[in-house]
Amino acid sequence: MSLMSFAPALPEIFMLAMVSLILVITAAVDDNRRSIVYVLSLLTLAGAAFLTLLDLSAVPVLALGGLFVDDLLGDVLKLFLYLTTAVVLVYSRDYLKLRGLYKGEFFVLALFALLGMMVMVSASHFLTLYLGLELLSLSLYAMVALQRDSAVATEAAMKYFVLGALASGMLLYGMSMVYGVTGSLALADIAQNLADGTDLRIPLVFGIVFIVAGLAFKLGAVPFHMWVPDVYHGAPTAMTLFIGSAPKIAAFAFVLRILGQGLESQVAEWRDMLVILAVLSMAVGNFAAIAQSNLKRMFAYSTISHMGFMLLGILAGTQNGYGSAMFYVLVYALMSLGGFGMILLLSRAGFEADQLDDFRGLNRRSPWLAFVMLLLMFSMAGIPPTVGFYAKLSVLQSVIEIGYVWLAVAAVVFSLVGAFYYLRIVKLMYFDEPHDTTSVVSSPDARLLMSANGLAVLALGILPQPLMAVCVHAVGTSL
Amino acid sequence: MSDHILSLVVWVPIVAGVLVLATGSDRNAPLARWLALAGSLLGLIVALPLATGFDTSTSAMQFVEKAPWIPTFNVFYHLGVDGISMPLVLLNSFTTVLVVIAGWQVIQDRVAQYMAAFLIMSGLINGAFTALDGILFYVFFEGMLIPLYLIVGVWGGPNRVYAAFKFFLYTLAGSLLMLVSFVYLYYQSGGSFDIQTWHKTTLGMTAQTLMFLAFLLAFGVKVPMWPVHTWLPDAHVEAPTGGSVVLAAITLKVGAYGFLRFILPIVPDASHELAWLVIALSLIAVAYIGLVALVQADMKKLIAYSSIAHMGFVTLGFFLFNPLGWEGGLVQMISHGFVSAALFLCIGVMYDRLHSRQIKDYGGLVNRMPVFAAFFMLFAMANAGLPATSGFVGEFMVIMAAVEVNFWYAFVAATTLIFGAAYTLWMYKRVVFGTVTNPHVEHLSDINARETLLMAVLAACVLGMGLYPKPFTDVMHVSVVDLLAHVGQSKLP
């Protein structure tokens, strides 16, 4: 194997090298010079983005003996992963500093998780998919537990770990059955084998059931969602921000690679499962979110419902559907960054700003941040002219295309339920008077980024075409 | 410039609103007010060429603009007006100016946000009236909920939160089902969101019936029709004066406009089939809601119920399927825009002085506010449908049209002339005449120059339209006749 055959994986290799370097540097610098690690992490992300852009692939290139594929879908998703991670780092810096969590471990774990996600989005083989997933998961478990003296965080990490391990087990079990039926772990071979037809229907269907259950665990779709509220609530907000954004993009890619590429011909088998998961997620997520008084928990349930919506796009099983699901997940990541980022921005030393009441009267304290939050909330509710509307529109369109009009009707009914709790945040910010009138102090870079984040929701809402075209094109050239 | 009149009509108020918002805190309130006034006047001025350059001899869309917007979904930035939408655009741009002036002194808190919300909403409403692409329409249609939600919730009365939520969720519920219909139409029409293409798309009866019901819910909530009207009295009572004016004069018309632009031409067979349903609901609105209005103790609530009854006339007229009924309905829409705006402004004038909307707190107003009482009299008469006011023209045309179709429709509809007169004039009597019972009324001052200006302009509109409605019907006539011919043709495959 020549050195050149590693070229498609250059961003991953660069990332691995840099993380290792940062790990060494972290051990060497003391707490006062921690900013070196911060800057270096951002530079690493920029470097990886540069390498990815340098080698945008118009046609999929299989590499490393079929374990790894370099295609446009992977490249685009990776670029968004870098961006999301960078935003997470900027938003959480002050928060971490004030809580004594501004340590090298955070950066190393975040970048390792990112590396895992990069492997996931570019995997073309069950083995690499699983390796990437585990690298991501193990990093996230450790991140949640990073605040060692917090009982809730430790409990959240424990739950996350146990349930995550269970899900991985299910996934592996399902993969092994599919291997038994097709005799291969490579997605392309599996797709080929299944397209030719197989007599082993029962083991195959069992395998698909286990795989879908495992995927549903990772996505946090009902009824495999139990870990989501506890982990989102228990983890320090900076970790929640990370868990709630980038890994969703990777999970989308993961689902798409397995179901859309490997098990493409079995769409009739997995579609009905996803329909049930999607409807339950939208129902439970939206109704349970209404009852929450903690914002992080509310967003956790809202995530569940958003994942249900995203599944609508995937279950269509068409290029259009995959494109719309991709658009949905990218838009969701953008909104989720803004939502959790706002909690970080409003928190101070010893004050978490994660109760709904903490947003009371925000329009009096900071009209601009209140306006940004308003945009984010209306976008999550799917009200035009924000981008959340087009995300919902595009997935609705893909389910109506396959003739599931009733599913679209169910989806809009649940999104009406969802609108209620997003409106409640707007109500708290605009209609109510503040309890606490301290002005909001936050670092200028985080504030600037937050403004950009909110305006992006609006700008993409007025001109959604570029992002939509990227998604459709990426899916079209890669599948 | 002349090619982009409609874009200007939509975007000038929105840009002005953003500029007003940028003036920031209440320290700059005077600047925000003047900027808002300039923006709303500019918005009206750019809309005037629509009236002067309008060709009344064609039903085709005029001032059309079309550019690709979201090619992935085949969505276009497609604007245009015909005889049905053009008067509504003007009405909206005109009302915005009134609203800005009406809120001049009353609003002292978060002035910039208040003015900006109205300007942005005005632009969005113009967008809804002029959009010829389904998704573009939907974006404007839903987008206008955001500023209105804030207007009711931030500057409203004591129960504003309840009213704002109810209003928002009711409207959203209807429009989401409409969105599903839009996407369904997209596939039925071979991948187009163009409204005029949808007018030609053939559809089976089941699909038409389901879509009819979805559209009816979407626009029926907005109109509002009995029994989904309950959000309106709540929203009106809690909204600030400007909010009530815009709600009554404009946003209700968006619902009625939806009937002509979407329901009737897109699902004509279902519309004929289910006309009895709409006619029944409309007659209930006219007769029953008229009785409900009679017993209201709160003036705003009374006018809110009266709005529902008057809008019942509009929907009734549309489902009689004859030109007189349609034109009557359209005239009634415009007239109700003037009259309800004027009445809410009158109530606003009283509320600003006494901070009460209860009828029992007033009495003998004419002794202290003679000029105001005279204006109020005129608008009350117009609301009751007195000949020579605009309120008479539309109602008379619809009743005439109803007689042609079925005597009993006309009979029930005509009860409004009794109920309308009863509830309006009885309220007027209790508020304005009699002896002064409330000591506070003793100290009231008559309307100032700003308020007189508002009243005089609206009085001119009400009388002008009542005495000489021909310019309005001329503008509509060709569009109405052609659309009616289109609706007469079956679209069954």
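Which residues does Met115(B) touch, not counting residues up to four places away in sequence? Met115(B) touches Val20(B), Ala32(B), Arg33(B), Ala36(B) and Val100(B), where contact means that the C-beta atoms, placed from the backbone, lie within 7 Å.

## Basis of the model

This is a predicted model, in which local features need pLDDT of at least 70, side-chain atom pairs count only at pLDDT 80 or more, and totals for chains, interfaces and linings use all residues. Residues are numbered from 1 along each chain as its sequence is written, while chains are lettered from A and ligands numbered from 1 in the order in which they are written.

## Chain A overall

Chain A contains 20 helices and two strands; helices (H or I, at least four residues) and strands (E, at least two) are DSSP runs, numbered from the N terminus. The radius of gyration of chain A is 21 Å, close to the 23 Å from the globule rule for 479 residues, so chain A is as compact as a globular protein of that length. That radius is taken over C-alpha atoms, and the rule is 2.2 Å times the number of residues to the power 0.38. Along the principal axes, the C-alpha atoms of chain A fill a box of roughly 70 × 55 × 40 Å.

Of the 479 residues in chain A, 58% are buried. A residue is buried if 20 or more other C-beta atoms lie within 10 Å of its own, exposed if 12 or fewer, and partly exposed in between, with C-beta atoms placed from the backbone. Among contacts in chain A with a separation of 6 or more, 79% are between residues 24 or more positions apart.

## Nonpolar core

The largest nonpolar core has 395 residues, and those with the most contacts inside it are Met120(A), Val144(A), Ile249(A), Ala250(A), Met373(A) and Met115(B). Helix α14 (residues 319-346) of chain A gives the largest share of this core, 19 residues. Such a core is a set of buried Ala, Val, Leu, Ile, Met, Phe, Trp, Tyr and Cys residues joined through C-beta atoms within 7 Å.

## Leu72 of chain A

Leu72(A) lies in helix α3 (residues 72-98) of chain A. It counts as partly exposed because it has 19 C-beta neighbours inside 10 Å. Leaving out residues up to four places away in sequence, Leu72(A) touches Leu56(A), Ser57(A), Ala58(A), Ala474(A), Thr477(A) and Ser478(A).

## Contact between the chains

In the interface, 26 residues of chain B are in contact with 25 residues of chain A. On the side of chain B that touches chain A, α5 (134-143), α6 (145-155) and α7 (160-188) of chain B each supply at least two residues, and α7(B) gives the most, with 14 residues.

## Hairpin of chain B

Strand β1 (residues 62-70) of chain B runs antiparallel to β2(B), and six bridges join them; pairing requires at least two DSSP bridges. Gln62(B) stands opposite Val81(B) in β2(B). Four residues lie between the strands, and in this hairpin Asn74(B) takes a positive phi near 60°. In strand β2 (residues 75-81) of chain B, six of the seven residues are buried.

## Helix α19 of chain B

Helix α19 (residues 407-432) of chain B has 26 residues and reaches 37 Å from its first C-alpha to its last, close to the 38 Å expected at 1.5 Å a residue. The expected span is 1.5 Å times one less than the number of residues.

Buried residues in α19(B) include Tyr409(B), Phe419(B), Tyr423(B) and Met427(B). What covers the buried residues of α19(B) includes α13 (275-294), α14 (299-318) and α18 (390-405) of chain B. Gly434(B), with a positive phi near 85°, follows α19(B).

Note on methods. Contact = placed C-beta atoms within 7 Å.
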